[in-house]
Amino acid sequence: MFYRENGQFKTSYQADQQIFPIAQDRVFVVLLLLVAFAGVPFFASDYMFRAILIPFVIMAMAALGVNILVGYCGQISLGSGAFMAVGAYGAYNFFARVPDMPLLPALLLGGLCATAFGILFGLPSLRVRGLYLAVATLAAQFFADWMFLRVKWFTLDTPSGSVSVSNLQIFGFPLDSDVSKYLFCLSLLVVIALLAKNLVRGAIGREWMAIRDMDVAAAVIGIRPMYAKLSAFAVSSFIIGVAGALWAFIYLGSWEPGAFSVDQSFRLLFMVIIGGLGSIMGGFLGAAFIIVLPIFLNQFLPMLAGLAGVEISTTVVSHTELMIFGALIVWFLIVEPHGLAKLWAIGKQKMRVWPFPY
Amino acid sequence: MMKTNKRLLPALLAAFALSAAMPVLAQSKDQFVPVLSYRTGPYAPNGTPWANGFVDYLKLVNVKGGINNVKISYEECETGYDTARSVECYERLKSKNPSFVQPLSTGATFAITEKAPVDKIPVLTVGYGRSESADGAVFKWNFPIAGTYWVAADTILQAIAKKEGGWDKLKGKKIGLVYHDSPFGKEPIPLVQERARSHGFELQLLPVTAPGVEQKATWLQVRQARPDYVVLWGWGVMNSTAIKEAQATGYPREKMYGVWWAGAEQDVKDVADGAKGYNAVTIQHGAEPNADIVKTMLAQLHSKGQGTGPKEEVGQVLYLRGVMSAMIGIEGIRAAQERFGKGKVMTGEQVRWGLENLNLTQAKLDALGFKGVMRPISTSCMDHMGAAWTRIHTWNGKAWEFTSDWMQADEQILKPLVKATADKYAAEKKLNRRTGQDCQS
């Protein structure tokens, strides 16, 4: 009843091919964007911006990139942390070495560095599949860890190996307030998400999905596996690289290779698995789950205990947080193996048939 | 199954909304001290006693009636020694008007250093953090009070030189630096290289990948190269692993010198006799079971069941480090109160002034219970470190005991290095050195 496409007739191919063919979806997305751009800056606190919204937006972008590779093209990758690192250090080197380098080109060039790195480490995907590929991409992770720890050129010979950026500007506006940082990341996310959505519903996205579902059959019908796989690696690592550069530049401000360790790769993979493989929406939901839930549990548990009149130590909170978080992941995977995005789709379907479910 | 899902989603959404609304709570007339600590993860064995000591000292201040009747309130936040999580903790506790922040992680210090000047919160890093932040003219908000890594590295080399019979005897010798491959471990390298250049010893860098549970390859290198001395720059599980590996390799523990983060009971007690002879530099204090402050702590808190952590650890090295770190912060607040009004709650900016004009004389330290434990510290606008005193202590199989007299880092080496590195930072950030006028404010 609330969500029914009855009576919405398409009279042109253009109308039939738009991203959101259903009017309710369009309204929802426009409202969501309005709230995100115009609403949130009014009521969110400093803490909300810095600890929740900015990391969420950046990680959603990274998850989007991982989802293109893992969810759409079916190439399991454990090297996402490395792609983020290459994006971050690439952008840093352009930013610090080239005089008067503006921020945006530096970030995009960082993304291009990650693209090159991604294609290079995507080459094994032409020969190996599945878990074997995951192990091959893990090599990218270890290689990047080693490279940024030991090759001093990348960190401008700073004695501690930690690098930092400051005085960020975009088109002459200083990026110093939380709102400006948030809006900057959000704008980039919107542009990239739009791009990604259009890619995956176009010819190239269909090639990726064909490769994912059965690569031999795809090759038989005329899809070039090399082109499809490497393009997925390229697009995905570009997005992850830009996200990595944002994570370093905007969120951390000062970072070390440890910020992009193998843990980060696993977290990103969990995000897309829990969010929903092969869905743009899934990346957002997964990022929200992985980023916000631990922070929420960390604050909610002491409060809950406070209500019950007991004081619990941070150790207990931190252990309980991990246990609940782990249990929730398992529970979600059992209840809904297709991820949060599937739950979202089920919800929409329920709204559609309400009040007469069948 | 579907029904659960339907109920779950709104519940989750509500929960997220709640979490967002939460941090803006207490804003009281107490002086708030955030405690960024780690009691879980691979660094927990060392992070826990430090946090216990830090919290115990805050409790003790309150038992004694606060700072001129201003009570201390504090909140712990678990960081797990993770930089991103530390930043989240910092942001979370920032809304409560913190007096100062102590991240207890060099990586987190680097990240918070970029944020603190904007938020006007002093960063207190007792014995860790950025070594060049001792230069208060560039690092207005950083306070590596009582010692930096360069102080530790310099005095370790002094001790080695003394053992050999003078700096000139080091010529041609080989010193291995086994370090945690992170900003923490890399910090001492510039100073050690400088010393190696001027005294002609060979420096061998041996990085250990964090967290340092796997060191076989590193110690194989030690076995092949046989350096005359090994300087151990570790933290957490890395330390005990290194000492075990040294034992397995047969490297003499007498020739090993640890930084003050690699010289606590937790690092050696598993190996006990195997660690006999192992040395570490100390940031003023060592293990001091007989100090007045320790006795007070036991009498006022632990005997009444209000202490934090096990009673046996009171007075051990890392516990005391926590106590000392808290004490320096509290004395900074007290100094600020003396200028801006006794009995008032100080803002971060006022505490910054207090930390910059800290004058802990021996008489004051003795009165606080640190007699024989610490030496005077006096900071200024230009010098945010205030003291560079260290000693060497050695593990005798059962306890740490001092084996050297008080030592001081060499100004001749330290000062130019601090200034040059701080200038480089200032140039990168387009900062101007603070002038005399700015020092007055």
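At what angle do helix α3 (residues 46-72) of chain A and helix α7 (residues 178-201) of chain A pack, and how far apart are their axes? In this predicted model, the two helices meet at an angle of about 15 degrees, and a distance of 10 Å separates their axes. Because angles under 35 degrees count as roughly parallel, α3(A) is described as roughly parallel to α7(A). The crossing in which α3(A) passes α7(A) is left-handed. On the side of α3(A), the residues that make this contact include A:Phe49, A:Leu53, A:Val57, A:Met61, A:Leu64, A:Ile68 and A:Tyr72, while those contributed by α7(A) include A:Val179, A:Tyr182, A:Leu186, A:Leu189, A:Ile192, A:Ala196 and A:Val200. Taken by class, the residues of the contact of α3(A) with α7(A) comprise 19 nonpolar and 4 charged, with no polar residue.

The contact between the chains draws on 36 residues from chain A and 39 residues from chain B. On the side of chain B that touches chain A, at least two residues each are supplied by α1 (2-21), β2 (72-78), α3 (83-94), α4 (106-119), α6 (183-186) and α7 (189-199) of chain B. By class, the residues of this side of chain B are 17 nonpolar, 13 charged and 9 polar.

Within chain B, helix α5 (residues 149-164) consists of 16 residues and spans 23 Å from its first C-alpha to its last, which is close to the 22 Å expected at 1.5 Å a residue. Since 12 of these 16 residues are buried, α5(B) is largely enclosed by the rest of the structure. The buried residues run from B:Tyr149 and B:Trp150 through to B:Ala159 and B:Ile160, and B:Asp154, B:Thr155 and B:Gln158 are among them. After α5(B) comes B:Gly165, which has a positive phi, near 100 degrees.

A further buried position of chain B is provided by B:Val418, which belongs to helix α15 (residues 411-429) of that chain and counts as buried because it has 25 C-beta neighbours inside 10 Å, where 20 or more are required. When neighbours within four places in sequence are left aside, B:Val418 is in contact with B:Ser131, B:Glu132, B:Ala134 and B:Asp135. Between B:Val418 and B:Ile156, which are 262 residues apart along the chain, the C-alpha separation is 18 Å; B:Ile156 is itself one of the buried residues of α5(B).

Definitions and conventions
Residues are numbered from 1 along each chain as its sequence is written. Chains are lettered from A and ligands numbered from 1 in the order in which they are written. This is a predicted model: local features need pLDDT of at least 70, side-chain atom pairs count only at pLDDT 80 or more; totals for chains, interfaces and linings use all residues. Two residues are in contact if their C-beta atoms, placed from the backbone, lie within 7 Å. Helices (H or I, at least four residues) and strands (E, at least two) are DSSP runs, numbered from the N terminus. Ala, Val, Leu, Ile, Met, Phe, Trp, Tyr, Cys and Pro count as nonpolar, Asp, Glu, Lys and Arg as charged, and the others, Gly among them, as polar. Axes are lines fitted to C-alpha atoms, for helices over the stretch in contact, and angles run from 0 to 180 degrees between N-to-C directions. Angles under 35 degrees count as roughly parallel, over 145 as roughly antiparallel, 65 to 115 as roughly perpendicular and the rest as oblique. A crossing is left-handed if the near helix is turned anticlockwise from the far one by less than a right angle, and right-handed if clockwise. The expected span of a helix is 1.5 Å times one less than its number of residues.
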